[in-house]
Protein chains: 2
Amino acid sequence: MTAILSVCVTCRRTDSDPEDETRPGAHLRHALDALDCPEGVEIRSVECLSACNNGCAVALSAPGKWSYVYGRMSPENASDILEGSAAYAATADGLVPWRARPVIFRKQSLARIPPLSANPDPEE
Amino acid sequence: MTAILSVCVTCRRTDSDPEDETRPGAHLRHALDALDCPEGVEIRSVECLSACNNGCAVALSAPGKWSYVYGRMSPENASDILEGSAAYAATADGLVPWRARPVIFRKQSLARIPPLSANPDPEE
């Protein structure tokens with residue numbers, strides 16, 4: 001199954017224009033749609049990733065892989081987000097080598113969640 | 001399948017004792033283990049939920065449900081964490097009604113990730 005890039009389209013940013021009725025998250029989605037979507041990646045719009053203090057937020061998930069949430073994204077990051085999503089899609093477990101991650105993914109990870117199939121206890 | 005409560009056992013807290021060689025995350029795990037684990041909940045230790053600035057962190061996940069990550073947890077929150085986990089386990093989609101969530105879950109959510117089976121586009 002493909003990797004899912006979830007984009008919060010209701011996200012605000014602290015630096016967003018209060019006069020603009022289009023949410024920054026929607027602008028980010030449009031910026032992503034304007035580029036070629038990498039093979040193995042599907043973009044989905046969601047309403048709220050509960051990371052409102054760190055908008056715009058996106059998440060990467062796929063069956064059997066670690067899931068990631070990234071924050072403080074902007075439309076200018078669209079290309080890097082897709083590049084990082086492609087690298088994620090190419091892994092078996094979601095763990096992209098550190099140096100192969102876009103800088104925004106290295107520095108702006110909000111959280112990650114282990115796959116349900118993960119070893120029940122890392123010490124066992 | 002049961003709901004998985006992932007506990008980062010390598011987490012630090014900003015207010016933790018630097019002389020204590022046991023990580024605050026491990027203390028949290030011990031506090032959880034000292035209580036009765038609710039039916040339908042399995043506790044797993046993980047090393048790093050990439051929420052290091054908001055430790056201690058825990059995550060809730062289950063097949064077909066929204067996943068959640070919570071931060072700034074302490075051993076004193078163990079009972080509330082298990083109560084919130086039980087409420088999560090009892091849902092079909094992971095969405096516990098707001099008022100039924102422990103206050104720490106309402107106020108200290110770091111992020112959530114939609115289930116892979118989620119409607120591809122909320123506007124469709």
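## Helix packing, pockets and backbone features

Visitor: In this predicted model, is the crossing of α1(B) and α2(B) left-handed or right-handed?
Guide: The crossing of α1(B) and α2(B) is right-handed. From α1(B) the contact takes in B:L28, B:A31 and B:L32, and from α2(B) it takes in B:A78, B:I81 and B:L82. The residues of this contact are six nonpolar, with no polar and no charged. For the handedness asked about, the word is right-handed.

Visitor: Why do α1(B) and α2(B) count as roughly perpendicular to each other?
Guide: Helix α1 of chain B covers residues 24–33 and helix α2 of chain B covers residues 78–89, and their axes lie 9 Å apart. Angles of 65 to 115 degrees count as roughly perpendicular. The two helices are therefore placed in that class, with a packing angle of about 65°.

Visitor: Which residues lie nearest the centre of the largest pocket?
Guide: The largest pocket has a volume of about 600 Å³ and a lining of 32 residues. Elements giving two or more residues to that lining are β4 (67–70), α3 (103–107) and β5 (109–113) of chain A, with α3 (103–107) and β5 (109–113) of chain B. The lining divides into 13 nonpolar, nine polar and ten charged residues. Nearest the centre lie A:N54, A:L110, B:N54, B:S109 and B:L110.

Visitor: How many charged residues are in the lining of the second largest pocket?
Guide: The second largest pocket holds about 320 Å³ of space. Its lining has 22 residues, with A:S67, A:L116, B:A62, B:S67 and B:L116 nearest the centre. Twelve of the lining residues are nonpolar and eight are polar, and the charged ones number two.

Visitor: Where in chain A is A:C56, which a cis peptide bond joins to A:G55?
Guide: The bond between A:G55 and A:C56 is cis, with omega at about 0°. In chain B, a cis peptide bond joins B:G55 and B:C56, also with omega of about 0°, and B:C56 sits in the loop between β2 (41–46) and β3 (58–61) of chain B. A:C56 lies in the chain A loop between β2 (41–46) and β3 (58–61).

Visitor: What is phi of B:R72, a residue other than glycine?
Guide: B:R72 is in the loop between β4 (67–70) and α2 of chain B. B:S50, in the loop between β2 and β3 of chain B, is not a glycine either and has a positive phi of about 55°. For B:R72 phi is also positive, near 60°.

Technical notes. Residues are numbered from 1 along each chain as its sequence is written. Chains are lettered from A and ligands numbered from 1 in the order in which they are written. This is a predicted model: local features need pLDDT of at least 70, side-chain atom pairs count only at pLDDT 80 or more; totals for chains, interfaces and linings use all residues. Side-chain values use heavy atoms; hydrogens and water are left out. Axes are lines fitted to C-alpha atoms, for helices over the stretch in contact, and angles run from 0 to 180 degrees between N-to-C directions. Helices (H or I, at least four residues) and strands (E, at least two) are DSSP runs, numbered from the N terminus. Angles under 35 degrees count as roughly parallel, over 145 as roughly antiparallel, 65 to 115 as roughly perpendicular and the rest as oblique. A crossing is left-handed if the near helix is turned anticlockwise from the far one by less than a right angle, and right-handed if clockwise. Contact means heavy atoms within 4.5 Å. Ala, Val, Leu, Ile, Met, Phe, Trp, Tyr, Cys and Pro count as nonpolar, Asp, Glu, Lys and Arg as charged, and the others, Gly among them, as polar. On a 1 Å grid over the protein atoms alone, a cavity is a set of points where a 1.4 Å probe fits but cannot get out, and a pocket is an open set with protein on both sides within 12 Å along at least five of seven lines; lining residues have an atom within 4 Å of a point. Grid points are joined across faces, edges and corners, and a volume is the space filled by probe spheres set on the points.
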